[in-house]
Amino acid sequence: MRGRRAGFLVAMAAPCLGLLAGQSVAVRAAEQPQAGQAQAADEAATELTLGERMNASTVAVITGTPGGTYFRIGADLAFVLDETDRLRVLPVLGKGAGQNAYDLRFLKGIDLAFLRTDTIEQLRQDKRLINVERHIQYIAKLFDDELHIIGPVGIDDARKLAGKRVSFDVKGSGTDYSGRAMFRSLGIAVEVVNVDQPTALEMLRKGELDAVVSVAAKPVSIIAGFDPGDKFHLIPARFTESVHEAYIPASLNTSDYPKLLTAGPIDTLAVGSVLGVYNHPKGSARYKKLTRFVEAFFGKFDEFLSPQRHPKWRDVNLAASVSGWTRFRPAQDWLDARRPQEAMAASESAQFLKEHQPSATADKEELYQAFLKWRKSRRSAASGL
């Protein structure tokens, strides 16, 4: 009897236990989506934070074509100024200074660009644009870009190219604008061809072009690597009073192009290059990160002077101004705050030259490296390190 009652109680309790168990499973099932949603929200927040941090620290600089000087200089910026989460420089391939000006003005995400001192004039001539000087400014004048003209050895003066087929790189490039402007200043009218430099050099070799022009900072790797045989060389372009004030006399040396200048250095023209910047509103997120870039660029500038960096960095005078341009306010503020340090650097240079008295034929690179070593030792001694 007792056994039957126990069985009865178990039988009666079973549905209730089942119901309770079902409710428990249902509760757990309801909790799982909520937990999943919370985890997904956390992951999304983490990704959002990561993305915001990366964008807040990255500045993009538009450079030039592969193998060109601007491309190499952009790579130097990326390596020297990398500061993990605080600052990252992202070089972007471009067509060159001519198109770079429009990319800096209008492309989203482009903060910096390699431009030329004649770029402002180029933009002023474009009637579609207004307030050019307010939008496009500069951080520093860099180095000079030289005019290179590769042609037959029988042509010993650029003026002899009048009426001939001459390539000025791709349309919109810095060479397309500055090179053609230089030729106009020299009074040389030619049949203009716009093709990329490797194609142009091959066309020159086949006799389909009479000359190839490049306006870039020497040494230009694609030109230095060109095998002229006994047919081609670099053609002189001599400065005259008719040349526009934006362009200055310069020279190309055998040490720069041993294959193309076997007879010695030649005269040419040059145009200054600048590190251009888009003038974002003061206080904006992009203005703030460009301010960090300015501080890093000026503060670490000595690192650009090391042997593994492009030799053109040694031609840069950070304090040099550019006629007709406005310097970006954070850059001007940085320079103004360090005028006493500039005076000290000038004093150090004078003291070094007084102590070492180098000869006129001393190797400039060795002399410069000796100065850097001397200055470091001197400052370490002064600080007691």
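Helix 9 passes helix 10 in a right-handed crossing. Before the details, a caution: this is a predicted model.

The axes of helix 9 and helix 10, the latter covering residues 329-337, come within 9 Å and cross at roughly 35 degrees. On the helix 9 side the contact involves Tyr287, Thr291, Val294, Glu295, Phe298 and Gly299. Their counterparts in helix 10 are Arg329, Pro330, Ala331, Trp334 and Leu335. By type, the residues of this contact are seven nonpolar, two polar and two charged.

As for helix 9 itself, residues 285-299, there are 15 residues and the span from first C-alpha to last is 21 Å, close to the 21 Å expected at 1.5 Å a residue. Its buried residues are Tyr287, Lys289, Leu290, Phe293, Val294, Ala296, Phe297 and Phe298.

Now the strand. Why is strand 3, residues 112-116, described as largely enclosed by the rest of the structure? Because five of its five residues are buried. Leu112, Phe114 and Arg116 lie on one side, Ala113 and Leu115 on the other, and both faces are covered.

Which strands does strand 3 pair with? Strand 1, residues 58-62, runs parallel to strand 3 and is joined to it by two bridges; there, isoleucine 62 has alanine 113 as its bridge partner. Strand 10, residues 266-278, runs antiparallel to strand 3, with five bridges. In that pairing, arginine 116 stands opposite serine 273.

Questions, please.

Terms used. Residues numbered from 1 in each chain as written. Predicted model: local features only at pLDDT ≥ 70, side-chain atom pairs only at ≥ 80, totals over all residues. Heavy atoms only, no water. Helix = DSSP H or I, 4+ residues; strand = E, 2+ residues; numbered from the N terminus. Expected span 1.5 Å × (residues − 1). Buried < 20%, exposed > 50% of the residue type's maximum accessible area, 1.4 Å probe, protein only. Axes fitted to C-alpha atoms, helices over the stretch in contact; angles between N-to-C directions. Left-handed = near helix turned anticlockwise from the far one by under 90°. Contact = heavy atoms within 4.5 Å. Nonpolar A, V, L, I, M, F, W, Y, C, P; charged D, E, K, R; others polar. Pairing = 2+ DSSP bridges.
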